[in-house]
Amino acid sequence: MAHVAGAVDTTARTTATALSVHDLGRKFAGVTAVEGVTLSVEAGTRLGVIGPNGAGKTTFFNMLSGELKPTSGRIELFGKDITGVPPHKRVALGLGRTYQITRVLRGLTVLENLTVAMHGLSRSKLDLLRSWRSYSGKVAEAEELGASFGLRHRLGVNAEQLSHGETRQLEVCLALALKPDVLLLDEPAAGLSPAERVDIGRLLQSLPSDLTLVMIEHDMDVLRGAVRDIAVLHLGELVTRGSVAEIQQNELVRELYLGQRRQIEKTPDAIERLRQEGGLTA
Amino acid sequence: MRMHIGAPAQAVPFPVTSAHLSASLANGMPVHNAVRTWVNQFIVQTLNGLTLAGIMFLVSSGFTLVFGVMRITNLAHGAIYLLGGYIAYSTIQVVGNFFVGMLVAGLATALLGVVLERTLIKRMRGQVMAELLATLGLVYVINDLALATWGGNPLSLTLPGFLQNSTTLPGGIVYPNGRFFILVVAALIGVFLYYLLRRTRVGAIVRAGVDDRPMVGAMGINVRLVFTMVFALGALLAGVGGALGGTVFTLAPNADAEILTFALVVVIVGGLGSFEGAVLGSLIVGLLSNYGQAYFPALAYFALFAPLVVILLVRPQGLLGRAAA
Amino acid sequence: MRPQSKVVTGAPAGQTESGTRQSLLPRLLMAVGAVVVLVIVAVLLSGGGFAGQLVTQMLVFAIAAMGVGFLGGYAGLVSLGQASMLGLGAYGVAVAMAKGFGPWTAIGISLLVTLLVALVAGLLAVRVRGIGFVIMTLAVGQILFGLSSSWVAVSGGDNGLIIPLNPSLGPLDLNDPIQLSFFVLAIFLVSAALLWTFVRSPFGLSLQGIKSNEQRLKTLGYSTRTHLYIGYVISVMFGGVAGILFVLTNGLITPTTLDFGHNGIVTLMAVIGGLGSLWGPAVGSVVVILFQQDLSLYVERWATVMGIFFVLVVIFAPDGIWGVGQALVRRLTGQSSRQPTRSIRGLPEGEPQGPGTPTDTELPEPMTERMS
């Protein structure tokens, strides 16, 4: 029986709910990318999000980080409704994110990248007069952050010249520099060689334990070491959720990935049946 | 802005401005006459505005097409307009026929477009800002060469005989034929372009190129050829616009900057890359600008730029522009 | 003096022996070069006459061009309206003096007016990026141009306005051309120093970040529009200050200075010299003014030559003359790695008619984002 985490109701809980979404949906002209997703993530836990391509995972993330407005539903961060909050303010509220197609600041060195991130939540980013190198505290923090994620010897290198794996590491560092309470990781292992995947896996394990993590990934090995639960999306809907072991053994999920059940009937009955099969009760 | 369509010289048996009108009323003109006069004058100004819109449409449609398909902001577009006007002038001097002049102007500027595209644009491989800056350099080159060839004195193009007369419209409005001619030509070209873009295969390719360039290339269509043709078409439209515009506005150094500014305002208002936007934008900007100049000369500038400001505040992608790249 | 000396070895900035030694030689060359140039300039200025006047104008336009280079090279927004801002600054002084204010008050009024215009125009300008921004600045520039020629009551129409009198600064009498030109030099150096400070500040870093990837900066907590707004205002003020110096050194201002041609030339100066380098635009100013003055003696079609030269620079040397010089120095001193370029190639296209934020109708970012 799949484990049901994240009940929809808002009764008092012993642990805080870090992130929750209610009936979240996004339609584009003619295409429903995400529909009716409801789940919540307890603080300090780690959730993986999987699903075949086109399942709406990145759209989902884009709504969480504020880059896309949902067409329905709402998002709450530690109980506060952030559905209408712009991206740069969500960051200030403790929500961080990395990108599947890396978005580091090319043209700047690794150290400069990290320094920019360090100033992100502080008034000092509008300082016109002091040299940024004179902010020795922030610079030291930036150096340390980079060093702790394998970039110690690459701080002076231009971000354009980093390898793919190093770019990923920098990507994660940038998000971490803002000391998020909740971190959204969008396919951190995508495009990495097996050796690099091991590195990323280790990086993920070394993340602070009180950090709440939601991670989109395809690689089960990476997921296994990094998350506790997995939620499965398909065609924009949340199909099921359970522990890593449960999901790996789940028939439905196997079929979705292996192709026998590419199409799910979208009638309410069929969806209800699926929900029951998958073990979600609401 | 110096460019506006002035009241036609031959057409003034009645007061031209509101000030004159008030004066006439004060002098005892009957009210219904005054109202009819005002209405007639308004119609004249509307026709003037449409004529201006027609010329702006020719220039801005070329500009927006090139931008839409190739992402190039051709700052030299105004200079090509001016060049077209000058070439038409010289051709008319030699041949004596305005229509030939207009044709030669269009062909010459189209040829120039082909040359520029093949030599310069090709080298910049889609670097949009670099292309924009390069066209800035071209502005100086074209202007200087034009200065060398035609001098700095303002030139005007004369229309063939029958177009120099005026037609009397119902209600006693007398309007120059030449301006009707411009309206007709602009409308015809507009219809032709619409047909070309919406109803032909070539047009579909062009529109697809606006939406998704790599796909068009992937479909095996010779994208290079399409680019060259589109750029040449843009230049042709500017050149023809110059020939027509030269009958109403003087051709002189700096006229290119004025027409470029108009074109830019039009395409921003209408939406960069949208052909229909160029039509709509031309109408709005042409009419508003002309009304502004005619009725509120002191605020004429603001009449031209007000639509720009409003659009940028309310709908930055333009009236008919798409929100995403 | 160079804004940032990047250490291209793998070591953290400035820590290894070889790292410091490698970055020392170019710095030394720079310092020596700077002293030499300064001496030459001082000599020419003190000699007065035509050469002195020319150098003074180069300095004036260098200030304006530096404003363009700052915004373009560091924030990625290219302005085509800087000459109009220069003109605004000039007219500010001239109009105020025509209304009876003393020279220093007039200068104060001019600065205030320029600031106000920058604050208002900036609100609109930062709503668009890339090409849209270029067009905006062009439009604003043309509005100012039109006003300068048609608002005759204030601006004197096409004849322009004359300054009756220059101020004096303590013992310095700015009516004396030579003293005035040294004053201009001083302001130029102060402007350069300010720019150098801005570029090295966290704010300057943020602008570069925005130029690299505005969307990313937003998710790092930056309100990017605010930063670009401030950058725009700074850039315009450089133009205004240049305008004040322009009208003091020329004694008059006419609408022609605000026309499209002049606006293009200031941008040309910044690009030819090298966007995104501190001294590039100043070099560009020297080169372009030399074209205008010296080349015109030998070649009647100097403008054509200048235009072609500009196109060639854009195609073959997008880092400008300064960039070429830097590359040369790097080769001579043995640094082979490519420096991050702050050139034309790095200019973001942006949404020409949008602020870079996805709107409701836009598809999710990763689908439209270019594969890096």
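Modeller: A residue counts as buried if 20 or more other C-beta atoms (placed from the backbone) lie within 10 Å of its own, as exposed if 12 or fewer do, and as partly exposed in between. A:Leu235 is partly exposed, because 19 other C-beta atoms lie within 10 Å. This is a predicted model, in which local features need pLDDT of at least 70 and side-chain atom pairs count only at pLDDT 80 or more, while totals for chains, interfaces and linings use all residues. Residues are numbered from 1 along each chain as its sequence is written, and chains are lettered from A and ligands numbered from 1 in the order in which they are written.

Colleague: OK, and where does A:Leu235 lie?

Modeller: A:Leu235 lies in the loop of chain A between strand E9 (229-234) and strand E10 (237-243), where helices (H or I, at least four residues) and strands (E, at least two) are DSSP runs numbered from the N terminus. Although A:Leu235 is not a glycine, its phi is positive, at about 50°. Most residues other than glycine have a negative phi.

Colleague: What about A:Phe78, which loop is that in?

Modeller: A:Phe78 sits in chain A's loop between strand E4 (72-77) and strand E5 (80-81), and A:Phe78 also has a positive phi of about 50° without being a glycine. With 17 other C-beta atoms within 10 Å, A:Phe78 is partly exposed.

Colleague: Switching topic, how many residues of chain C are in contact with chain B?

Modeller: There are 44 residues of chain C in contact with 40 residues of chain B, contact being C-beta atoms, placed from the backbone, within 7 Å.

Colleague: Which elements of chain C give two or more residues to that side?

Modeller: Those elements of chain C are helix H5 (130-150), helix H10 (260-273) and helix H12 (302-316), and H5(C) gives the most, with ten residues. The residues on this side of chain C divide into 25 nonpolar, twelve polar and seven charged.

Colleague: And what pLDDT does chain C average?

Modeller: Chain C averages a pLDDT of 83, and 85% of the residues score at least 70, on a scale of the predictor's confidence in each residue from 0 to 100. Within chain C, confidence is highest in helix H9 (residues 224-250), at a mean of 96, and lowest in helix H14 (residues 365-368), at 29.

Colleague: Where in chain C is the pLDDT below 50?

Modeller: The pLDDT is below 50 over residues 1-21 of chain C, a stretch with 42 contacts in the model beyond near neighbours in sequence, and also over residues 355-372 of chain C, with 34 such contacts. Where pLDDT is low, the predicted coordinates should not be read in detail. For the complex, the predictor gives an ipTM of 0.83 and a pTM of 0.84.

Technical notes
Two residues are in contact if their C-beta atoms, placed from the backbone, lie within 7 Å. Ala, Val, Leu, Ile, Met, Phe, Trp, Tyr, Cys and Pro count as nonpolar, Asp, Glu, Lys and Arg as charged, and the others, Gly among them, as polar.
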